[in-house]
2 protein chains.
Amino acid sequence: MALTGVRVVDLTRVLAGPFCTALLADMGAEVIKIEAPDGGDPVRRQGVIPQGMSWYFAQFNRNKRSLTLDLYSEQGKQVLADLLADADVLVENYRPGVLARMGFTPERLDKINPRLVVTSINGYGATGPFAARPAFDFIAQAMSGFMSVNGAEGTPPMRVAPPVSDLVAGLYAAFGTVCALHRRQADGAEGRGQQVETSLVNGLISMLAYLSAEFFATGELPPRTGNDHPIVAPYGLFRAADGDIAVAPSNDVFVERFLAALGLAALLERPEFADNQARMRHREDLKARINEVVGSRPVAYWIEQLNAAGVPCGRPQNLHEVFADPQVQAQEMVIEASHADGETIKMTGFPVKLSATPCALRRPAPELGADSEGVLAELGYDAARIAALRQAGVI
Amino acid sequence: MALTGVRVVDLTRVLAGPFCTALLADMGAEVIKIEAPDGGDPVRRQGVIPQGMSWYFAQFNRNKRSLTLDLYSEQGKQVLADLLADADVLVENYRPGVLARMGFTPERLDKINPRLVVTSINGYGATGPFAARPAFDFIAQAMSGFMSVNGAEGTPPMRVAPPVSDLVAGLYAAFGTVCALHRRQADGAEGRGQQVETSLVNGLISMLAYLSAEFFATGELPPRTGNDHPIVAPYGLFRAADGDIAVAPSNDVFVERFLAALGLAALLERPEFADNQARMRHREDLKARINEVVGSRPVAYWIEQLNAAGVPCGRPQNLHEVFADPQVQAQEMVIEASHADGETIKMTGFPVKLSATPCALRRPAPELGADSEGVLAELGYDAARIAALRQAGVI
């Protein structure tokens, strides 16, 4: 696999960090998830738990091994130091400064293992006046401006339902980690690790795209436009006989194809629909005329017709429809993990497809501490030492 | 820099692909953006263009060089083949099959350069019944189910305002590309390139997080809950004297801190607010009681008080406020590029911070074809050959 041979020590919990290490694990990295002995990652207790394993936890912790470790104890810290000496990557999502206060300052980490890549994910970035503030997805969506552009006209700022700030930060962290590994490897025997850092707020700011670019260029705040495109018409949801269709003709060529497929090409000869500026002014009128035609036939008819005409369109699918979609199934975007107690847990598949070294489900998410003995034995700890650690409650 | 020495040939346009190659370029890769001689990337003509350069284009094409090339001509295809022989990565976002129809089948690419990583970004994935359909962000948001979970109760499915499907796919593509480079390099002289692929729809499906996990576990569709958390109360926007505050107390500890900071700790002793389940049933009542207290003081007061009490909170900032925010400025999330004509273009900064090999703005986005001569000269083309290509309209 792409990251076979990369050993990751994972101190993260909840979402952004575990998503980062799941991405690395899906690519073949060996990820050792370190969890507190008294319950471990809180996500183990979140969401629906049909048979002892949270399906939410299972999704984000597949392909990892679990080692319990009391990091408040000196013995636990020693185990961590031993693990790091032998690792390529450490990933953590404590608030800035916490890892150092635990005794693992950048200087000590460099001493333990100068080739170690240390990846940190936090809320606001590691420096600056708000660095120490606690952050969660909802707060990051608020502070980054992401909420301010989202939602319909005349409504308050609206969060995005999925926890995008965690997911984007986790993905950026995985990307940064592999970039640092590339540099280290390209430098050969001279190769050194370094600190890689990203944050929930910075990740979302970098996703404002044309909304931030337009703001910088004009100084004007972008309006909230719901499903309408701020500068293109027609665009959005249209009402077929049995449901909505989403149509996104992003330029004149697509608009022509769209209206021609509806038998409305003649509209483009009228001054109020002749160009995009005119269509924006008469958007509601145009939408009503389109809905009149679209409403006469079912969704499936229009999806076929419009795709055949080269018009980007689709249906706003609910999750039932998404995971029953033949394309989504052909792409193997639902996979199943077989857990030890016979439970089969469904989860989303791999969005990045590599032809020679594809992502794979190698092992289901671990029970808490399932790999403690195995990991420590590989590290050279003998049975007596492992038993003593267990006796002392360190693992 | 992290990716210094990595040469990327970039055939992409508009957004997902250019975002991927911008991420690689920000990390130090040398990106040669290939554009059609008659106008190039359409984003050059999109958004506000105060002085000849679109700020939207400038953001997504910083750190790249531009080579014009007519890929319909045989001579243009030969130039591309010569570039690929010398490159590490090819990134393209044509519809599946188009690159092969241009003459660059996987077999030929492997022959030209067996170490080439070929990264493709498309709408629905390269195989399956809908592979050939055109896709845009709005359609991907609809087809992936992302719209179905987004928005407020009782409203239609709502798109996310920023083009998240393009951005997420671009980021996944960059991650996959560097993973493939890592594998190639780790394999030493035996190292080979491979195909890396991601799609707008698959990327968003992988971002449904607990919403898909809960759906798989229960078979029930998640409700749209707007700014309310589906399973936690209190949570969301609250109304201070001069604006809203966002508060996200994700568990009982934070709820206690939040209510204590408001002087409302006694509420937790009442049966209707004693635990999260009870609070979910009495959510509106609780919200009203909180708003009564919060409304007595301004936003700034509560942000200070609640952060000091360890309660995750913030303000739903508009873009004015985001880019004036001292934390965002301390994180250098606004940077300025100096363009040749004296124009200074603002853009968002680097969300991934590397300590030893940080991302940097090395050059502003190029004018169309600005680097044609330079790139071809480096490839060993002499002045006469370059002049002939220009004469023939190939560059």
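Biologist: Hi! Which helix of chain A is the place of Pro106(A) in?
Modeller: Pro106(A) sits in helix 5 of chain A, which covers residues 106–112. Keep in mind that this is a predicted model.

Biologist: Thanks. Is Pro106(A) buried, exposed or partly exposed?
Modeller: Pro106(A) counts as partly exposed, because it has 13 C-beta neighbours inside 10 Å. A residue would need 20 or more to be buried, and 12 or fewer to be exposed.

Biologist: And what separates the C-alpha atoms of Pro106(A) and Gly374(A)?
Modeller: Their C-alpha atoms are 28 Å apart. Along the chain, Pro106(A) and Gly374(A) are 268 residues apart.

Biologist: Let's switch to the two chains. How many residues of chain B are in contact with chain A?
Modeller: There are 112 residues of chain B in contact with 112 residues of chain A. Helix 8 of chain B, residues 164–186, gives the most to that side of chain B, with 15 residues.

Biologist: What kinds of residues make up the side of chain B that touches chain A?
Modeller: That side of chain B has 67 nonpolar, 35 polar and 10 charged residues.

Biologist: Which strand of chain B pairs with strand 6 of chain A?
Modeller: Strand 12 of chain B, residues 353–354, does. The pairing with strand 6 of chain A, residues 195–199, is antiparallel and runs over two bridges. Within it, Val196(A) stands opposite Leu354(B).

Biologist: Back to helix 8 of chain B, then. At what angle does helix 1 of chain B pack on helix 8 of chain B?
Modeller: The angle is about 45°, and the axes are 8 Å apart. Helix 1 of chain B, residues 16–26, is therefore oblique to helix 8 of chain B. The crossing is right-handed.

Biologist: Which residues meet there, in helix 1 of chain B and helix 8 of chain B?
Modeller: From helix 1 of chain B, they include Phe19(B), Cys20(B) and Leu23(B). From helix 8 of chain B, Asp166(B), Leu167(B) and Thr177(B) are among them. The residues of this contact divide into 10 nonpolar, three polar and one charged.

Biologist: One last topic, the hairpin. How many bridges join strand 10 of chain B and strand 11 of chain B?
Modeller: Five bridges, in the antiparallel sense. Strand 10 of chain B spans residues 334–338, and strand 11 of chain B spans residues 344–348. One of the bridges joins Val334(B) to Thr348(B).

Biologist: And which residue takes a positive phi in that hairpin?
Modeller: Gly342(B) does, with a phi near 90°. The hairpin has five residues between the strands.

Definitions and conventions:
Residues are numbered from 1 along each chain as its sequence is written. Chains are lettered from A and ligands numbered from 1 in the order in which they are written. This is a predicted model: local features need pLDDT of at least 70, side-chain atom pairs count only at pLDDT 80 or more; totals for chains, interfaces and linings use all residues. Two residues are in contact if their C-beta atoms, placed from the backbone, lie within 7 Å. Helices (H or I, at least four residues) and strands (E, at least two) are DSSP runs, numbered from the N terminus. Ala, Val, Leu, Ile, Met, Phe, Trp, Tyr, Cys and Pro count as nonpolar, Asp, Glu, Lys and Arg as charged, and the others, Gly among them, as polar. Two strands pair if DSSP finds at least two bridges between them. Axes are lines fitted to C-alpha atoms, for helices over the stretch in contact, and angles run from 0 to 180 degrees between N-to-C directions. Angles under 35 degrees count as roughly parallel, over 145 as roughly antiparallel, 65 to 115 as roughly perpendicular and the rest as oblique. A crossing is left-handed if the near helix is turned anticlockwise from the far one by less than a right angle, and right-handed if clockwise.
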